[in-house]
Each structure stands twice: as structure tokens, then as C-alpha cells.
Amino acid sequence: NICHCSDKHSFIFYLNNNDNNDTGGLDVYKNVIGFRLLKATIQNIHYTVHDGNYTFIFKEGSNAFTITLTTKFYESESDIASELQTKMNAVSGYIGTATVTYDNNTLKYTIASTTGIELLFAQSTEAGSSIYRLLGFNNEDKTGSTTYTSDNIADASIHYIDLVVNEIPYMACKKNPKGKSLIDRIPIDVGFGSLVNYKAPITDYFSQNYFYPMSLDKLTIDLFQDSHNIPYYNENADHFFEFEITMLKNTKLSN
């Protein structure tokens with residue numbers, strides 16, 4: 001009964017009304033001083049190509065072209081290579097001919113063109129696409145050649161997701177370069193279509209960072225994947241999260 005918002009990585013749960021809670025609402029929690037994740041169940045139906053890695057920018061001469069791959073689950077890397085090649089050659093104004101192949105031995109892609117082209121991976125990342133990682137390249141623009149081979153082994157997997165709850169003060173969250181209210185990091189250690197059943201490590205119960213008492217009337221839950229602040233697009237799948245809330249019983253202790 002979490003609100004499936006327009007953003008496929010974001011969910012809102014209201015505690016003080018029945019708009020999206022058929023069980024009657026949980027009411028506002030007052031004097032909350034602690035918050036953490038206990039359990040989570042997430043279905044891994046993350047597409048191979050999704051809204052966070054489907055954009056690719058390349059350049060021929062002075063002309064820059066932006067293409068978008070079809071978002072879906074691809075059976076193999078060769079299918080991804082075929083899709084990229086088709087989309088590059090279909091671009092209006094591109095006078096060359098692109099060839100994209102995948103080597104099953106080296107696990108790398110090769111992108112070639114009959115004309116000199118530039119592969120603008122850094123610019124693609126700035127546009128919100130981590131396609132450089134999908135194709136095994138470094139996050140940098142490639143220039144000065146007609147043929148480019150992946151710098152690294154191509155990686156179509158997602159290693160983990162970061163669970164962010166915006167209402168929780170940063171001092172009670174895991175420190176991170178983006179300054180997000182990061183509650184926990186959940187590993188994706190199952191295959192496509194399977195369920196991730198996560199429990200917080202027992203060591204997390206030994207300590208907790210508390211914050212000044214606050215009221216909590218909703219939870220805004222955002223999910224991010226493991227590369228460059230890209231949202232975890234799980235196609236609005238249903239998730240289960242169990243949180244522990246600590247409340248101050250004797251408010252005189254806060255004075």
C-alpha cells in the first residue's frame with residue numbers, strides 16, 4: 001500500500017491518513033530520536049537496460065547524436081551490442097556505419113565506425129546515464145579513433161542499492177559523499193526475478209546515533225543503484241521494509 005509515485009525509484013508512505021493505507025493508518029510518531037532498517041525484501045526485476053543507463057551520446061565531426069536503447073531485460077551481451085548498433089545506424093545525420101560486437105572470451109565490447117567518432121561517456125553520465133559501466137568503458141569521453149574496445153570487463157549487474165529516507169536527520173545515517181539520508185546498503189545477491197531477503201547485521205544493534213526529538217508523519221523512500229547517484233529503477237515493483245523507530249518516553253530528559 002505504498003504510493004507508487006511517478007518516479008520509479010521513489011515511494012511515499014503516509015503515517016497519518018488512509019490515502020494509501022487500507023489498514024487505517026499508523027498515526028503520527030512523536031518524539032522520535034532513532035531510526036534504522038531491520039529487514040527488507042526486494043524483488044530483483046531490474047532491467048538490464050533501464051532509465052538510468054539507456055542514453056548514449058556520440059559525436060561525428062562537429063555533430064553530436066543522442067540515442068536511447070530500448071529498456072528491457074536482455075538475454076545476452078550480444079543482444080545489447082545488436083541494439084546499440086541498430087540505434088547508432090538509425091540516427092539521422094550520421095554518415096558513417098557503426099559496428100558493435102561483444103567478445104565472449106574477453107567479455108568486452110568493440111564499437112567501430114567507418115568514420116572517426118567520439119564516444120561521449122562522461123557527457124552521457126552527466127545526462128543521468130551510466131551506460132559506460134554497462135559497456136565496460138571508463139567514465140570518460142573517448143576521442144581520436146574509429147575503433148574503441150572496452151577498458152574493463154562489461155558489467156550489466158547491480159551490486160547493491162542504497163536505501164534513503166529523506167525525513168531522517170543525516171547524523172543518524174551512514175556517511176556518504178552525496179550527503180543523503182542513507183539508512184542502509186542492501187546487496188543484490190540473487191538472479192533476475194528472485195527475491196532479496198535482507199536482514200541488518202547483528203552488529204548494527206550494538207550502537208545507534210540518536211537525534212533531537214522530532215515528529216514523523218511520513219516516509220519518503222528513495223532507492224539508488226551503485227553507480228554515480230543513478231536511481232534504482234525496479235519498475236515500481238512491490239517492496240517490504242521493516243524499520244525500528246526509537247521514541248523518547250520521558251520528554252523531560254531532552255531539556
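This briefing walks through the fold, aromatic contacts, salt bridges and surface of the structure above. The model is a predicted one. Its protein chain holds three helices and 14 strands, and the C-alpha trace spans about 75 × 35 × 35 Å along its principal axes. Of the 255 residues in the protein chain, 44% are buried.

**Overall picture**

- Taking contacts between residues at least 6 apart in sequence, 64% join residues at least 24 apart.
- The protein chain exposes about 12,900 Å², and carbon and sulfur atoms supply 47% of that area.

**Aromatic pairs**

- Searching the whole structure turns up 10 aromatic pairs.
- One of them joins phenylalanine 56 and phenylalanine 121 in a tilted arrangement, with 5.5 Å centre to centre and 35° between the planes.
- Phenylalanine 56 belongs to strand E4 (residues 55–60) and phenylalanine 121 to helix H2 (residues 121–126), so this pair ties together parts that are 65 residues apart in sequence.
- Both phenylalanine 56 and phenylalanine 121 are buried.
- Phenylalanine 65 and tyrosine 94 make an edge-to-face pair, at 6.3 Å centre to centre and 65° between the planes.
- Here phenylalanine 65 comes from strand E5 (residues 63–68) and tyrosine 94 from the loop between helix H1 (77–89) and strand E6 (98–103), so the pair ties together parts that are 29 residues apart in sequence.
- Phenylalanine 65 counts as buried because its relative accessibility is 8%, and tyrosine 94 is buried with a relative accessible area of 8%.

**Charges over rings**

- Lysine 72 places its charged end over the ring of tyrosine 74, 4.9 Å from the ring's centre.
- Lysine 175 lies over the face of tyrosine 170, at 5.1 Å from the ring centre.

**Salt bridges**

- The whole structure contains seven salt bridges.
- Within helix H1, glutamate 83 and lysine 87 are four residues apart, about one turn of the helix, and their side chains meet in a salt bridge (2.9 Å, N to O).
- Glutamate 83 is buried at 15% relative accessible area, whereas lysine 87 is partly exposed at 25%.
- Another salt bridge brings together the side chains of aspartate 226 and arginine 133 (2.4 Å, N to O).
- Aspartate 226 sits in the loop between strand E13 (218–224) and strand E14 (239–247), and arginine 133 in helix H3 (residues 131–135), so this bridge ties together parts that are 93 residues apart in sequence.
- Aspartate 226 and arginine 133 are both buried, and a network of salt bridges links Arg133, Asp155 and Asp226.
- Lysine 142 pairs with aspartate 151 in a salt bridge whose closest N and O atoms are 2.9 Å apart.
- In that pair, lysine 142 is buried with a relative accessible area of 12%, while aspartate 151 is partly exposed at 29%.

**Tyrosine 47 and its contacts**

- Tyrosine 47 lies in the loop between strand E3 (29–43) and E4, and is partly exposed with a relative accessible area of 26%.
- Leaving aside residues up to four places away in sequence, tyrosine 47 touches Thr71, Lys72, Phe73 and Glu235.
- Tyrosine 47 and glutamate 235 are 188 residues apart in sequence, yet 8.2 Å apart in space, C-alpha to C-alpha.

**Nonpolar surface patch**

- Ile202, Tyr205 and Phe206 make a nonpolar surface patch of about 370 Å².
- Phenylalanine 206 is in the loop between strand E11 (195–199) and strand E12 (214–216), and counts as exposed because its relative accessibility is 66%.

Conventions. Residues are numbered from 1 along each chain as its sequence is written. This is a predicted model: local features need pLDDT of at least 70, side-chain atom pairs count only at pLDDT 80 or more; totals for chains, interfaces and linings use all residues. Side-chain values use heavy atoms; hydrogens and water are left out. Patches are made of residues with over 30% relative accessible area and no salt bridge: like charges are joined within 9 Å, nonpolar side chains (Val, Leu, Ile, Met, Phe, Trp, Tyr) within 5 Å. Accessible areas come from the Shrake-Rupley method with a 1.4 Å probe; for residues, only the protein chains shown count as cover. A salt bridge is a side-chain nitrogen of Lys or Arg within 4 Å of a carboxyl oxygen of Asp or Glu. Helices (H or I, at least four residues) and strands (E, at least two) are DSSP runs, numbered from the N terminus. Buried means under 20% relative accessible area, exposed over 50%, partly exposed in between (1.4 Å probe, protein chains only). Rings of Phe, Tyr and Trp (its six-membered ring) pair if their centres lie within 6.5 Å; planes under 30 degrees apart count as stacked, over 60 as edge-to-face and the rest as tilted. A charge sits over a ring if NZ of Lys or CZ of Arg is within 6 Å of the ring centre and within 35 degrees of the ring normal. Contact means heavy atoms within 4.5 Å.
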